[in-house]
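Here is a friendly note to read with the structure open beside you. Take the points one at a time, and find each residue as you go.

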Amino acid sequence: MILNLAAYRFVAIDDVDALVLQLRAQLSSAGVRGTVLVAPEGINLVLAAQAGALRGFADTLLADPRFAGMALKWSESAFVPFRKLLVKAKRETITFRQTGLDPASARAPAVDPPTLARWLARGADDHGREIALIDTRNQQETAFGSFAEAITLPISKFTELPEALEAHRAELSGKTVVSFCTGGIRCEKAAIWMQQAGYGDVLQLEGGILAYFEQVGGFAYRDRCFVFDER
């Protein structure tokens, strides 16, 4: 059985190129495949290998103070779902192209999966405010499934979200807005931007859909969740 790992963290990284070389060497020697993106704003990775090799790398990564306590999402598969290893320096861990956005400086407020499930069951948050769910993924992903009451956007890439979301500004007014995505990285970045853009009380779903499935199950979610690998 193959072990899979997905993780990200927004944190200031001053030595991007040096970290790329270090991680590439560590992962290559361990026989790990997948993708690691390193940017001044943080790190984003999806990897797969034999369990011992991948857990050993994770222990080494978490020993770096910048990544200590980083949430790791583990899963298993019958085969390695990646063809090769890619470790690359990027301008952003997830491309958004919004000026003045610094996700490494402060996180957006988050709601954990069990709390969101409770809110969805009662139809309001703990203050009695109506919930509005914003799916920050693209059309290809949302076609596979989403939360039943979520707003899905006609976008093909994350950079199109701000323009597409503007059409929903009035309907989001006065509501507790919760952004979500597959693993958390896009909904965290989107939530920070939405706060800055005047969308009011915006939360991110901690850990995204994958964490919700792990902690809650499929309550209030319809169909499946798309993942970007060969499984």
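1. Let us begin with a word you will need: two strands pair if DSSP finds at least two bridges between them. With that in hand, look at strand E2 (residues 33-39) and E3, which pair in the antiparallel sense over seven bridges. Please keep in mind that this is a predicted model. The link between E2 and E3 is a hairpin, and it runs through two residues. To find your place, look for Thr-35, which stands opposite Val-46 in E3.

2. Now turn to the other pairing of E3. Strand E1 (residues 2-10) and E3 pair in the antiparallel sense over eight bridges.

3. E1 and strand E4 (residues 73-77) pair in the antiparallel sense over five bridges. If you want one spot to look at, Ile-2 stands opposite Ser-77 in E4.

4. Are these strands covered or open to the outside? Strand E3 (residues 42-49) is mostly covered, with seven of its eight residues buried. E1 is mostly covered too, and there eight of its nine residues are buried. Buried, in this note, means under 20% relative accessible area.

5. Four strands form an open sheet in the order E6-E10-E9-E7, and their pairing is parallel. Strand E6 (110-111) and strand E7 (131-135) stand at the edges with a single partner strand each, so one side of each has no neighbour in the sheet. For E6, look at strand E10 (residues 202-205): E6 and E10 pair in the parallel sense over two bridges. Val-111 has Leu-205 in E10 as its bridge partner.

6. Next come the charged side chains. Side chains of opposite charge can pair when their charged atoms come close. How many salt bridges does a search of the whole structure find? The search finds 14. One of them joins Arg-118 and Asp-126, whose closest N and O atoms are 2.6 Å apart. Arg-118 is partly exposed, because its relative accessible area is 40%. Asp-126 is also partly exposed, with a relative accessible area of 42%.

7. The salt bridge between Glu-130 and Lys-175 has its closest N and O atoms 3.6 Å apart. Why is this pair worth a look along the sequence? Glu-130 lies in the loop between helix H3 (113-122) and E7, while Lys-175 lies in the loop between helix H6 (169-172) and strand E9 (176-180), so the pair ties together parts that are 45 residues apart in sequence. Glu-130 counts as partly exposed, at 45% relative accessibility.

8. Salt bridges can also share partners, and here they join Asp-15, Asp-64 and Arg-66 into one network. Within it, the side chains of Arg-66 and Asp-64 meet in a salt bridge (2.8 Å, N to O). Is each of these two buried or partly exposed? Asp-64 counts as buried because its relative accessibility is 16%, whereas Arg-66, at 22%, counts as partly exposed.

9. Please look at the surface as well. Lys-88, Lys-90, Arg-91, Arg-97 and Lys-157 gather there in a patch of positive charge. Lys-157 is in the loop between strand E8 (145-147) and helix H5 (161-166). With 45% relative accessibility, Lys-157 counts as partly exposed.

10. My last point concerns backbone angles. Most residues other than glycine have a negative phi. Ala-220 has a phi near 70°, a positive value in a residue other than glycine. Ala-220 is found in the loop between helix H8 (208-215) and strand E11 (221-223), and counts as partly exposed at 29% relative accessibility. Asp-223 also has a positive phi near 70°. Asp-223 lies in strand E11 and is exposed, with a relative accessible area of 61%.

Definitions and conventions. Residues are numbered from 1 along each chain as its sequence is written. This is a predicted model: local features need pLDDT of at least 70, side-chain atom pairs count only at pLDDT 80 or more; totals for chains, interfaces and linings use all residues. Side-chain values use heavy atoms; hydrogens and water are left out. Patches are made of residues with over 30% relative accessible area and no salt bridge: like charges are joined within 9 Å, nonpolar side chains (Val, Leu, Ile, Met, Phe, Trp, Tyr) within 5 Å. Accessible areas come from the Shrake-Rupley method with a 1.4 Å probe; for residues, only the protein chains shown count as cover. A salt bridge is a side-chain nitrogen of Lys or Arg within 4 Å of a carboxyl oxygen of Asp or Glu. Lys and Arg count as positive and Asp and Glu as negative; His and the chain ends are not counted. The place of a charge is taken as NZ of Lys, CZ of Arg, CG of Asp or CD of Glu. Buried means under 20% relative accessible area, exposed over 50%, partly exposed in between (1.4 Å probe, protein chains only).
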